[in-house]
Amino acid sequence: MESIKITIDKKIIEVPKGTTVLHAARQLGIEIPTLCYFNLGDMNIENKPGGCRVCVVEVEGRRNLAPACVTECTEGMLVNTHSIRVLNSRRTVLELILSDHPYDCLVCAKSGNCELQSLAQKLGIREIHYEGEKSTYRKDTSPAIIRDIDKCIMCRRCEMMCNDFQTVGVLSAINRGFQAVVAPAFEMNLDHSTCTYCGQCVSVCPTGALTEVDHTRKVVNALADPTKTVIVQTAPAVRAALGEEFGLEPGTLVTGKMAAALRQLGFDFVFDTDFAADLTIMEEGTELLDRLTRHLNGDTSVKLPILTSCCPGWVKFFEHNWPDMLDIPSTAKSPQQMFGAIAKNYFADKIKVDRKDMVVVSIMPCLAKKYECTRPEFAVDGNPDVDYALSTRELAHLIKQANIDFLSLPDEDFDNPLGESTGASVIFGTTGGVIEAATRTAYEVFTGKKLEKISFEELRGLENIRHATIDFNGLPINIGIAHGLGYARKLLEDIKAGKSEFHAIEIMACPGGCIGGGGQPYNHGNSDVIKARQTALYKEDIEKPIRKSHENPFVQKLYEEYLGKPMGEISHHLLHTHYFDRTNEVIIDE
Amino acid sequence: MDDLKKLRNTLLEKMKFRENNQNAQVQVQVKVAMATCGIASGAKEVMDFMAEEFDKRNIEAVVTQTGCMGYCYAEPTIEVKLPNNEPVIFGWVDLKKADRIIEKYIRNNELVEGIIPLNFASIDDNLNDETTERKKQIRIALRNCGVINPENIDDYIGRDGYQALGRCLTELSPDVVIDQVKKSGLRGRGGGGFPTGLKWEITRKSVAKPKYVVCNADEGDPGAFMDRSILEGDPHSVIEAMAIAGYAIGAEFGVVYIRAEYPLAIERLKIAIGQARVLGLLGRNIFGTDFCFDIELRYGAGAFVCGEETALIHSMEGNRGEPTVKPPFPSVSGYLGLPTNVNNVETFANIPPIITKGAEWFASIGSEKSKGTKVFALAGQINNVGLIEVPMGTTLRDVIYEIGGGIRDSREFKAVQTGGPSGGCLTKKHLDTPIDYDNLIASGSMMGSGGMIVMDEADCMVAIAKFYLEFTVEESCGKCSPCRIGNKRLFEILEKITKGNGTLEDLEHLRTLGNVIKDTSLCGLGQTSPNPVLSTLDNFFEEYYEHVVDKKCRAGVCKSLMKYIIQEDNCVGCMACARNCPVNAITGEKKLPHLINQHICIKCGACMEKCKFNAIYTN
């Protein structure tokens, strides 16, 4: 590849053609500040509209300043990243952005994690010379996401995630000039749109313009209520990321400390969503084998491929876009909802507590889970199976508020019976994990043979679309994997066109799966963080004594005692669901 | 090609016949300027009236419509040609006047008032001729405007139309065509002044296919109507040039991106495209060659920023009209990511004469680095508001005083604003500046697309700057921070100053902020939007200073700075002012001098009007 020699701040570097000034500078250890720029390169996510103009640099021979993030290096280019002209312009641009931004940092949900705040700090802004009118908009609250777009700085990251990566197409720039802002079309409410609540807009928002609906107060109140039995479940991806909120390296597993903290917070039972993940495999795996067997026996009414249904963002996306294919996804509920159903039926009976006096809290890496638990089909007489879904970030806040010194906590175990889990369920948190877990069980059930190698490396990785063929005793099973709804869309269009060769497809809405979920600690555009979380989950899987869902003794016991068999009558009632055509749910507000 | 030449010759004969026929009655030719502006002033009624009356009064005459003649100040305008006479142009023609023209001029060859002297040289005139020089204007881009019937392709062909396309397709290779355009020195007339031939060459060299030719007809400057006039008066010139561009760069598909607010231009373009298709001048195998080309229209919703070529392309694609960073330039990656050549209407209108009359001919007109002519929409406090076309290098003084007829009501010239809302205001010291791309930029303004607004002593330069900023604040797309927020802040500071609350620090801020916006904005809009502020700060600093320090607006435009004051010596205490004040701001005893409470006064001026003793004055 052609290489180009350029000089930045008197340092010379040779870079491949096409490299931007920003990246060339980074290679030289020169940190040009950015604001709208965002990059998760390993997952094909990049936002560089060149709009904020914070990264401007001086290029010799050029009339005006150049934005480093979109300016490609050319041979012999002479760049100065901190001339007085650059420093003054950058300051002024930032002052302008701040002049149209609320000054409520003290009470802003993003405080401490706000990239605008840190930039103002880095540039030492102490005074804003250009005060004036601030643009104000209506605040919009949905079941999962709050839009407070007074704080929008038009970086367009959310728009890129919503349109390019997720192809959901809810958020885009509206209005012109000073009133320009990112919002749903006609400024309608998110809950009247096709928003999937995947929360990726929140993940990438540099300011407090997009945040999650905070349920921590409600949980604190429930914990303080002596008449309530409060149960908590924690999703697999949380344990690989929570530590980051307490200064630990990304990828540090804090399963034990998390259990200890939850117990200290006052939860009556500290359970694990992983248990329900094993249950999901029992149901979904059985459904896969059922469809597969019928297909092999020539039943043409059977729908293949089967699609996973654990991811609520994906489910809503599907309901909006393919209402004519609602019989393709597995009918198995997500682990969160399976847990809720088991907790408020089986476990409530067992400990003799009325479901109305039981509060089920889930800790999720996800914002769509907040929406999922409010879906009416997951409630009995208005009492939801899962009461509150907190994000990983909210749990960290809760722990901090309770004066718990997280780092010095001893490792503790989950409670039983709903806290026991296998390695298969742990990897639910990463792209490829659900289908690997299902494959482990389906293989052994289908072939009647023990797996020699439990890890399926061919299903792992971070490429957005992956596929592998697994040999089921001479029968080749084609498996597809996608993370990112835009990639899911591609696989779905193939299915619709009758071109899909897959028997089963796993889909996760978020980059990397749940480890990159909308409720996880902010990665600020560092894909190493997501990779480290993935590595951590595979590590926990290997260290688990049991690594196949059907071998989870408490799951086996649950079937014996209560459920009967997978896809049996009680299972069907408690652990399976159905989907809705949502094409008519989009409302344009007057 | 031969067919076209034959057609052209017959048509020419026909036109000459129309014009030179010995039969005295048939020879009366009336052309009515029917561009949007003419129609708005009543040209349609005049045309219908004349046709009807000729009929009634048994005068054999031909009444045709034509495009803008350029005399906006005198609309509706008509041209009458009597046998063996030079054509005469009449202005301010209403029905009464039309009646007089028929009775007096047409019937009896008696002159009627309101004759407008022809003030331009035509494309066929000898350029070295003294009279040509005296006329100051040469019409190249406007060569057919006000001459032909824009809805009749025969008229266009009769005036050498489609000869250039024919020549290109049958005699010249694409490279030679590009070479001719390069040699002519033609630069983009949309404002940037990028060499047109070079743009074509880059697009030609781009590998990806298919390629597109786009005509930028998203004229958005307030007060500018050059492109509209060309499209309304001579649509075929643009169509022909687009086909030539298509041939040169290797494109088969052209798009005219035109604002939906130009319904007449759209209609005439559609008619012209239809006619060209019928004659095989658009479509498959044009002139029997392999070359195929067709044109489609896309309508813009009227966003100013969509005149910026990348924003225009995004809008064409159905996306939000927002610019993107260049490179990549549209010549490499434009419409649908494919090589796209975007030229402005006026640029295209210059192409056919360059091919027919030669690059050398074109390059002989104009200044050293800016060749040819430029069309301006001359407006403001000037006697002859109109559409003009002058050779590059003409001085502002010639344009304002010779062509424009000087300042209205013999007032004092103060400034001229060129380049549209993001141009700059030039002053007396620039009057002898030759108008071309580089000189205008050097003096702190720019060519822009050709708006030219003249201001006099009654204009407040701070208010003018504020007016333009208000426009750019409205029209910014909002993508980049300096343009989105910076222009708003500039506007707010200007508003503060015109309200009388400005400080010297604000003047400092205007300058620093203006320079940062220019230096850091993403596209041409933001990079030029502070020009009205910066240029007025440079050239009229004393007016800013007066607003801020003396709290005075010398032009009397900024109402907040104006004070109505009662001069005690003259006031007799008649109470007329107090009685007529709508807000009861005036107090005082009968027969004693009165006083205006400045906090209550709304500056309506009613008191001054009522005072019979000249006791009330403004500062």
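1. How many residues of chain A are in contact with chain B, and with how many residues of chain B? In this predicted model, 29 residues of chain A are in contact with 26 residues of chain B, two residues being in contact if their C-beta atoms, placed from the backbone, lie within 7 Å.

2. On the side of chain A that touches chain B, α2 (84–99) and β10 (172–174) are the elements that give two or more residues, and α2(A) has the largest share, with six residues. Helices (H or I, at least four residues) and strands (E, at least two) are DSSP runs, numbered from the N terminus.

3. α2(A) packs against helix α19 (residues 481–498) of chain B at an angle of about 70°, with the axes 9 Å apart, which means that α2(A) is roughly perpendicular to α19(B), a term for angles of 65 to 115 degrees. Val93(A), Leu96(A), Ile97(A) and Ser99(A) of α2(A) make this contact with Ser481(B), Pro482(B), Ile485(B), Gly486(B) and Arg489(B) of α19(B).

4. The model has an ipTM of 0.93 and a pTM of 0.92. Chain B has an average pLDDT of 91, and 95% of its residues score at least 70, where pLDDT is the predictor's confidence in each residue, from 0 to 100. Over residues 21–25 of chain B, however, the pLDDT is below 50. Where pLDDT is low, the predicted coordinates should not be read in detail.

5. Residues are numbered from 1 along each chain as its sequence is written, and chains are lettered from A in the order in which they are written. Local features need pLDDT of at least 70 and side-chain atom pairs count only at pLDDT 80 or more, whereas totals for chains, interfaces and linings use all residues.

Key
Axes fitted to C-alpha atoms, helices over the stretch in contact; angles between N-to-C directions. Parallel < 35°, antiparallel > 145°, perpendicular 65-115°, else oblique.
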